[in-house]
Amino acid sequence: MQNKGLIKTFAILLALVCAYQLSFTFVSRHVENNARTYANGDKAKELYYLDSISGENVYSFLGLKQYTYNDVKGLEIGLGLDLKGGMNVTLEVSVVDLIKKLSNFSTDTTFNKALALATEMQKNSQEGYVSLFGKAFTRIDPNAKLAAIFNTLQLKEKVKFNSTNEQVLKVISSETNVAIDNAFNIIRTRIDRFGVAQPNIQPLQTKGRILVELPGVNDANRVRKLLQGTANLEFWETYDNSEVYPVLLKINNVIKELQLLNQPSDTVKSKTTAQTAKTEAKSKTKDNSLLNELEKTKTAEDTTAIKTAEDVKKNFPLFSVLMPSTNQQGQLYPGPAIGTSHYKDTATVNRYLRLPQVKALIPRTMKFKWTSTAFDKAGDYFRLIAIKVSTRDGRAPLDGDAIVDASQEFQSMGGTPEVSMTMNSAGAKTWARLTKDNVGKSIAIVLDGYVRSYPNVMGEISGGRSSITGLESVEEAKDLANILKSGKMPAPAHILQEEIVGPSLGREAINSGMWSFVTAFILVLAYMIFFYNKAGIVANVALLANLFFLIGVLVSLGAVLTLPGIAGIVLTMGMAVDANVLIYERIEDEIKGGKGLRLAISDGYKNAYSAIVDGQVTTLLTGIVLYLFGTGPIKGFATTLIIGIFTSLFSAIFISRLIFEYQLSKNKNITFTSHLTRNWLTHTKIKFIEKRKIFYVISGVLIFMSIISMSTRGFNFGIDFKGGRTYVVRFDNNVKVGDISKTLEKQFGEAPEVKTYGDNNQVKITTEYKIEEINDDVDNEVESKLLTGLQDGGFIAKDVDMVKFDNNYRMSSQKVGPSISDDIKKDAMIAVFFALIIIFLYILIRFHNWQYGLGAVASLAHDTIIILGIFSLFYRRLPFSLEIDQAFIAAILTVIGYSINDTVVVFDRIREFMKIHPKHSRKQNMDEAMNSTLRRTFSTSLSTLVVLFAIFLFGGTSIKGFIFALLLGVIVGTYSSIFIASAVVYDTRKKDDKEQITDAKLSK
């Protein structure tokens, strides 16, 4: 064995590095066990213990460096959301808003139409938004100049009046890229201050999209506010209630008349205006008390006294959903709060205020904003605040750019939390003027479009100090201070995709994952000893070393371990067996050929290298494609698979060889078979090529059935591919999915898809309700409707609030917006296409013949179609999910890698036999080559199937469909590599002697 010393040195160094990296995990677990012992079941005491030692040294590696608990915690092996629970979010920074801001919010018609058209074009395009905007702008008006719109004060040095559209688009692209990078940094700062252990924040391939993974987080609403808040802080002057009430009366009368006409608001005839004028004249003579209005009001259209709530709604449509701020005597309360609405009525009020006839009544200097928090304990009622616009450009006189610091503090009176803010010198001057001009009035502090507070000004405030009060908790105050201190987002960020895994489901996933891992590992170890006797023990040592190296490298790279990642580790073990099997079968062939043990081992390794490298490289190529196009747990699976290929090669080729060299130096007897397996599949003479047409017919029938099923039944697409929301909910008792679907239909307007997910007390609910709306409040609305519907149906108790629902009933949830689902579909198709092309090219290069590449790709297409057909034929007929989603695509790509590994081994042996037996016919060489690989194919496939079956049984509900696809892939892939791939190669080659000679030459 050459370079034995170098290999030993490398193995020792790699082992030390892995031991060092894994030591932090053991230390952190030891500290946390001490905390649990100290707390004796009290979670608060456990957290207190860990917090108290967070800065203390708890570990010293060889006395070289001291590590605190926080240091150790940050270096331990990270668990993904599916194992630890938490939240996974894909954010998109709004490029539309960035472009609007760069144009100084231009009202140009062509500009705004181009933005709308570009937004539509983006739904079916992978092209960047700025480029689409440029095309849309040219399409709407080919002669229009972007320079006329973007020659603003901000861009005057970069955009001249004579700049071409191409030059302006380059400036816009550059500015948006800078803004997106800035947004990424702001979000990362917010997360760092949020206090989550081992968060993952990274920009995605699509510009403007950001992936945020927060393990251990269980307050989804808090995270949404933290991530989506733009920190757009504004200070506004306000109107008094008494100044606004007459306007509200006019608005109410207009709405009433529109409803009486029973016509769409935008088609009301001009006579409505005349009627409105008459009503307004009457209104001016009346008292401003709503109670007096209710007692005295009679109109020309309706002289009937108001007696019922329905009459009130008919005659006072606005005030039936917006209760005026009056006392019991009908007197108006002072201040800027003009009314109160139930949260269910706020949308109706907003719709009324957007009516063109209503907008005509509202002064240009007046606008309305809701408070961000409810004022009642139940959290149902919100106030509407009247804002005064006192600047020419319609913007706030003071905004968040003036804030230089923000911190969470407590009010001196009452001790309630508040956020204290400090302004720069320019902001301090503006604040002093604002407060001086509004003594006795209120200043509204608005954050992201909602009024946080509206304190009454007692006198001029100098020094640039201000505060936001009325906060519900210390956590809310800390988050708000964090947002303000991190800086203002250049544009809003919206959640396109979201996944939440509850902590209980995470614990179950760890248990199921460990069971599957341990079971599979024991089965593989036992199989190798059973089949290969003493050599099997050497292979097991190599497998243990492979596992140690694999996990150590994963930790050193900061990779996160997920449930698919565990599946990747176990699958890597199964595939690592293949390298050992190839070597052992070659050694056994050499021994049977009469060579001594030492020479047989040397030649066995040497002759196995070609097949091992070819097989592992093709699997590596599919793993790279999977990594490039996958996201989240799928990328974790790909990472594990890629690293596992390298560690498997090192362990199987070098570690096992070092052990054999040691045993040979001690003159120990090494056996490569047991008595039961010595002659297993060693003398087969199956006529594969002669019987190929039988297998063509079998495959043709399977493919035909698959195509028919795909054409008629279609697929059960997951929300990854169609968009929507899913919730996995676990109840206290068994439930019927039909009953749940029926009761939720009342909330969502249409019946959601409900199916049993695991046990009969757990269901998966899928709905597309309002999935196309990007409004930040929609997620909370959908979850509220879900909980209300389940409570109305008697599935969950009425006293369960959203916090209890999240902790005790919601196991996980996922949201995928329509735009990102389109991208996932496109990426999936591109991934599969590239995998096939790359494999074809690799086979073409390695075997110098396109027929081998065609045979390989044909067998892969055969496998893919049949697996798709089975998923189409049996969805909703098997007791586990058969959805077509990202995990399924990952399975298909893995199957492609596995199948091509099998195929390449067969091709490699065919090439070798053609070189050894140049006078044999091609048919004879191919038959003998395939028969000689049956023993290896059996061992590899059986060990891999055993591993996958263990994961399928113990791996948990969430990955059953994924593992089922892999099981099918191993079975179908093994079949196609033996019966289809070589047959296609045979039928596409010329069958004359000259071609036979060429084969022999090319194989050299």
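**Notebook: overall make-up, a hairpin and an open sheet**

I began with the secondary structure of the protein, which comes to 35 helices and 23 strands; I keep in mind that this is a predicted model.

I then looked up burial and found that buried residues make up 53% of the 1004 residues in the protein. The exposed surface comes to about 46200 Å², and carbon and sulfur atoms supply 56% of it. For contacts between residues at least 6 apart in sequence, I noted that 73% join residues at least 24 apart.

Next I turned to strand E21, residues 753-757, which is largely enclosed by the rest of the structure because four of its five residues are buried. I followed E21 to strand E22 (residues 759-767) and found the two running antiparallel, joined by five bridges. Across this pair, Lys-755 stands opposite Lys-764 in E22. The hairpin of E21 and E22 has one residue between the strands, and I noted there that Gly-758 takes a positive phi near 95°.

My last entry concerns an open sheet of three strands, which has the order E13-E14-E17 and antiparallel pairing. Its edge strands are E13 (403-410) and E17 (465-468), each of which pairs on one side only. From one strand to the next, the twist averages 25°. I checked the pairing of strand E14 (residues 417-423) with E17 and found four bridges in the antiparallel sense, with Met-421 standing opposite Ser-466 in E17. Helix H17, residues 425-437, packs on this sheet and touches E14 and E17, and its direction makes about 110° with that of E14.

Methods
Residues are numbered from 1 along each chain as its sequence is written. This is a predicted model: local features need pLDDT of at least 70, side-chain atom pairs count only at pLDDT 80 or more; totals for chains, interfaces and linings use all residues. Side-chain values use heavy atoms; hydrogens and water are left out. Buried means under 20% relative accessible area, exposed over 50%, partly exposed in between (1.4 Å probe, protein chains only). Contact means heavy atoms within 4.5 Å. Accessible areas come from the Shrake-Rupley method with a 1.4 Å probe; for residues, only the protein chains shown count as cover. Two strands pair if DSSP finds at least two bridges between them. Axes are lines fitted to C-alpha atoms, for helices over the stretch in contact, and angles run from 0 to 180 degrees between N-to-C directions.
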